Amino acid sequence: MADIIARLVRECNAERAKRTDFPTIWTTMLKSHPYVAGLPIQESVETGPRLKIPLLTGRFLVFDGSTFSVA
């Protein structure tokens, strides 16, 4: 399972490197991904806004406006 999540993070970051915007990544990659468990949740942290996408593992795919990571 960790390999699938790591691959998802790499693929999302590869799309960002191509300057693909979040709505496109959400629609084409994340929305129908079997490990994505819900809609993005917007929150504000001291570094600015970020989106958290819940995963079936109980963790989150986090988008900080430039890159994706897992929290």
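These are my notebook entries on a predicted model.

**Ground rules**

I number residues from 1 along each chain as its sequence is written, and I use heavy atoms for side-chain values, with hydrogens and water left out. I take helices (H or I, at least four residues) and strands (E, at least two) as DSSP runs, numbered from the N terminus.

**Entry 1: the sheet**

I began with the strands. Strands of a sheet pair through backbone hydrogen bonds, either parallel or antiparallel. I call two strands paired if DSSP finds at least two bridges between them. Here I found an open sheet of four strands in the order β1-β2-β3-β4, with antiparallel pairing. The edge strands are β1 (41–45) and β4, each pairing on one side only. From one strand to the next, the twist averages 30 degrees. For axes I use lines fitted to C-alpha atoms, for helices over the stretch in contact; angles run from 0 to 180 degrees between N-to-C directions.

Then I went through the pairs.

- β1 and β2 run antiparallel and are joined by five bridges. They form a hairpin with two residues between them. Ile41 stands opposite Lys52 in β2.
- β2 and β3 also run antiparallel, joined by four bridges. Their hairpin has five residues between the strands, and Gly58 in the turn has a positive phi of about 95 degrees. Leu51 stands opposite Phe63 in β3.
- β3 (residues 60–63) and β4 pair in the antiparallel sense over three bridges. Leu61 stands opposite Val70 in β4.

α1 lies across β3 and β4 and runs at about 165 degrees to β4. α2 lies across β2 (48–54), β3 and β4, and runs at about 5 degrees to β2.

**Entry 2: aromatic rings**

I looked for ring pairs next. A pair of aromatic rings is described by the distance of the centres and the angle of the planes. Rings of Phe, Tyr and Trp (its six-membered ring) pair if their centres lie within 6.5 Å; planes under 30 degrees apart count as stacked, over 60 as edge-to-face and the rest as tilted. The structure holds three aromatic pairs. Phe22 and Phe68 have ring centres 6.2 Å apart and planes at 25 degrees, so I logged the pair as stacked. Phe22 lies in helix α2 and Phe68 in strand β4 (residues 68–70), so the pair ties together parts that are 46 residues apart in sequence. Both Phe22 and Phe68 are buried. Ring pairs link Phe22, Phe63 and Phe68 into a cluster.

I also checked for charges over rings (NZ of Lys or CZ of Arg within 6 Å of the ring centre and within 35 degrees of the ring normal). Lys52 lies over the face of Phe60, at 4.2 Å from the ring centre.

**Entry 3: the α1–α2 loop**

Arg19 sits in the loop between α1 and α2. Its phi is positive, about 70 degrees, although Arg19 is not a glycine. Is Arg19 buried or exposed? At 75% relative accessibility, Arg19 counts as exposed.

Thr20 is in the loop between α1 (2–17) and α2 (22–30). Thr20 is buried, with a relative accessible area of 16%. Neighbours within four places aside, Thr20 is in contact with Glu15 and Ile25. Its side chain makes a polar contact with the side chain of Glu15 (3.0 Å). I define a polar contact as a pair of N or O atoms within 3.5 Å; within protein, one must be able to donate a hydrogen and the other to accept it, and residues adjacent in sequence count only if both atoms are side-chain atoms.

**Entry 4: His33**

His33 is found in the loop between α2 and β1. At 18% relative accessibility, His33 counts as buried. The side chain of His33 reaches the backbone nitrogen of Tyr35 at 3.0 Å. Not counting residues up to four places away in sequence, His33 touches Ile4 and Leu8. I also looked up the C-alpha separation of Thr20 and His33: 18 Å, for residues 13 apart along the chain.

Technical notes: This is a predicted model: local features need pLDDT of at least 70, side-chain atom pairs count only at pLDDT 80 or more; totals for chains, interfaces and linings use all residues. Buried means under 20% relative accessible area, exposed over 50%, partly exposed in between (1.4 Å probe, protein chains only). Contact means heavy atoms within 4.5 Å.
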